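Trainee: I have just opened this entry and would like a guided look. Could we go through it together, one topic at a time?
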Amino acid sequence: MGGNLGCHRSIPRDPTDFCQNKRKFSAACNFSHILVNQERLNINTSTEEELMTLPGVNRAVARNIVEYRECIGGFKKVEDLALVSGVGAAKLEAIKLEICVSSRTSSSQHSPSSLRREHDHLPGTGMNINTATPAQLMSIRGITEKIARNIVDYRTANGPFKSIEDLVKVNHINSSLLDRIRFLVFVERSRTPSTNTNGGLTGTNRSHPSPTSLSLRSEDLDLPPGGPTQIISVRPSAEPLPSTREGRPVVRVATWNLQRCSREKANNPGVKEVVCMTLLENDIKLLAVQDLADQDALEKFCVELNQATLPSVRRWRGPRGVWRCLTSESQSPKASEFSGFLWDYSSGIELRDTVRLGSPVANGNGKPAPPRPFLARFNIGSLEVMVANVHLTGLPSPPETASGKSRHGDRAGLRLTEDLQETLKGEKTLLLLGDFGLPPDSGELEVLRKEKMAALLPPSLHTNISTRSPLGSHCLDNLWASRCLKKIYSGHCWVVREGLTNPWIPDNWSWGGVASDHCPVVAEFYTDTVAKETARTGVAVVERCETPSKNER
């Protein structure tokens with residue numbers, strides 16, 4: 001049998017199945033439900049989230065796969081995947097045994113996770129061997145009391161099972177028994193970041209165990225197929241932050257690079273919960289967002305905040321506010337990135353107008369022009385603030401100098417000077433925030449210091465994050481305030497590291513990842529007019545930048 005079996009590749013040869021070619025299969029046998037499909041991902045029907053569970057496939061590559069698939073009307077064979085930008089022959093070689101190709105209407109088109117959901121509806125099936133008790137394991141035909149205890153003892157001594165195949169390492173389980181039970185069990189794996197991912201900063205003592213370490217069965221949330229079966233996050237309860245600092249009203253403004261946030265990513269329940277609950281728990285009233293892949297992606301978070309469908313958002317004990325959003329216009333027919341703002345209108349923040357900069361300069365290499373700064377003027381309480389949302393890492397790679405050093409800094413400074421200097425001339429209350437791709441003490445950002453602007457976050461605080469490096473290693477995101485705005489800065493600026501993971505967010509080929517590899521950075525400003533008077537005495541201006549302590553927050 002050559003083996004289409006609903007997938008492009010044939011069943012891998014297994015010594016137990018094809019020993020000396022004595023075992024034969026009937027051509028009429030239906031293999032649509034067996035291991036070849038349960039362990040392989042159909043690249044013709046998989047979503048971006050499912051594709052990201054493949055080794056080495058990140059959000060950008062997954063999006064390229066989906067877009068290419070739509071253009072060609074579906075993959076004809078697995079090898080076609082090598083033609084997708086970001087894949088190539090080397091990456092295909094690493095993942096080809098984990099994927100298959102079948103028609104969109106075939107019964108074999110299910111993803112591994114959706115098949116597992118179907119098995120869960122059968123009596124005694126779909127049991128997670130990493131969490132099952134001996135009594136539960138004994139409900140599986142073929143598992144005796146002794147074997148059930150051996151499974152639990154092995155799990156306790158060696159840690160969670162990494163795959164179903166690891167069961168053969170348990171005493172009294174051989175390949176024959178494994179073949180009989182493999183469709184009745186599954187392994188739920190997740191990489192859990194540190195339970196305290198605040199970067200070791202003193203002052204933020206709220207306990208936020210990673211959502212990946214907590215799970216429950218839910219009947220009140222209609223989770224889409226393709227994710228970790230019957231698992232939703234459980235966020236520890238957090239008290240709403242006060243809207244005052246030392247008796248004076250404050251507003252908290254933040255920046256967050258959401259890393260290629262498409263409408264599909266924004267619809268992911270894990271990403272949606274992380275973004276919305278981060279805003280509510282940190283009392284963020286104005287958020288500048290970078291790296292949106294779709295112009296309407298920001299609307300998904302706005303709708304959730306206003307209409308609350310997720311249990312954690314519905315259960316929030318503080319006011320949810322009335323949210324509005326604005327996204328930059330398309331810069332060209334080939335524009336691939338947008339920026340935007342999300343703000344709570346009920347907190348007294350009003351959009352006055354936006355400022356459109358000149359058309360982007362063609363880079364001559366056929367690629368979309370880099371994103372332009374997105375400027376908007378807001379009324380925040382009694383203040384009128386010009387907010388410039390920037391993403392400097394979107395610049396094309398600059399040429400190297402004769403010495404071999406990159407001139408990226410010169411390009412960054414040039415871009416800031418050319419685009420912003422004339423537009424922002426005379427703006428006294430200016431807030432420049434976003435992903436600068438550089439620490440604030442870099443010489444490349446000297447142009448900002450010459451304009452008398454000050455970075456609110458010091459270079460010692462890192463703003464990137466991953467499940468493998470929860471404390472980060474680089475200071476890439478920041479808020480720069482003009483001299484006038486610095487006078488009403490409360491002195492409090494922090495990096496949010498807690499609650500950024502969720503079981504529904506892909507993490508390489510597992511689940512429990514972060515919503516973005518950037519952390520949100522929050523700064524706090526006084527909104528009362530008394531600030532101008534107290535600033536002269538030094539009372540309102542606190543020249544420090546720290547994470548507020550538990551009592552302060």
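Trainee: Which residue caps the N-terminal end of H11?
Mentor: Asn268 does. One of its side-chain oxygens lies 2.7 Å from the backbone nitrogen of Gly270. Please keep in mind that this is a predicted model.

Trainee: How many residues does H11 have, and how far does it reach?
Mentor: H11 covers residues 269-281, which makes 13 residues, and its first and last C-alpha atoms are 17 Å apart. That is close to the 18 Å expected at 1.5 Å a residue.

Trainee: Is H11 largely enclosed or open?
Mentor: H11 is largely enclosed by the rest of the structure, because 13 of its 13 residues are buried.

Trainee: And what follows the helix?
Mentor: Asp283 follows H11, and its phi is positive, near 55 degrees. Most residues other than glycine have a negative phi.

Trainee: Where else is there a positive phi in a residue other than glycine?
Mentor: Glu246 has a phi near 55 degrees; Glu246 sits in the loop between strand E5 (244-245) and strand E6 (248-261). Ala308 has a phi near 50 degrees and belongs to the loop between helix H12 (297-307) and helix H13 (311-314).

Trainee: Are those two buried or exposed?
Mentor: Glu246 is exposed, as its relative accessible area is 71%. Ala308, at 8% relative accessibility, counts as buried.

Trainee: Changing topic: which residues touch the most other members in the largest nonpolar core?
Mentor: They are Leu286, Phe301, Phe341, Phe378, Leu431 and Phe525, in a core of 68 residues. The largest share of this core comes from H11, with seven residues. Apart from it lies another core, of 20 residues, including Met127 and Ile173.

Trainee: What does Phe378 touch?
Mentor: Setting aside residues up to four places away in sequence, Phe378 touches Leu286, Phe341 and Trp343, among others. Its partners also include Glu350, Arg352 and Glu384.

Trainee: How many salt bridges are there?
Mentor: The count comes to 25 salt bridges. In general, side chains of opposite charge can pair when their charged atoms come close.

Trainee: Which partners does Arg377 have?
Mentor: One is Asp353, with the closest N and O atoms 2.9 Å apart. This pair links distant parts of the chain, since Arg377 is in strand E11 (residues 374-380) and Asp353 in strand E10 (residues 349-355), 24 residues apart. Another is Glu427, where the closest N and O atoms are 2.7 Å apart. Glu427 lies in the loop between helix H14 (408-420) and strand E13 (430-435), 50 residues apart from Arg377.

Notes. Residues are numbered from 1 along each chain as its sequence is written. This is a predicted model: local features need pLDDT of at least 70, side-chain atom pairs count only at pLDDT 80 or more; totals for chains, interfaces and linings use all residues. Side-chain values use heavy atoms; hydrogens and water are left out. Helices (H or I, at least four residues) and strands (E, at least two) are DSSP runs, numbered from the N terminus. Buried means under 20% relative accessible area, exposed over 50%, partly exposed in between (1.4 Å probe, protein chains only). The expected span of a helix is 1.5 Å times one less than its number of residues. A polar contact is a pair of N or O atoms within 3.5 Å; within protein, one must be able to donate a hydrogen and the other to accept it, and residues adjacent in sequence count only if both atoms are side-chain atoms. A nonpolar core is a set of buried Ala, Val, Leu, Ile, Met, Phe, Trp, Tyr and Cys residues joined through side-chain atoms within 4.5 Å. Contact means heavy atoms within 4.5 Å. A salt bridge is a side-chain nitrogen of Lys or Arg within 4 Å of a carboxyl oxygen of Asp or Glu.
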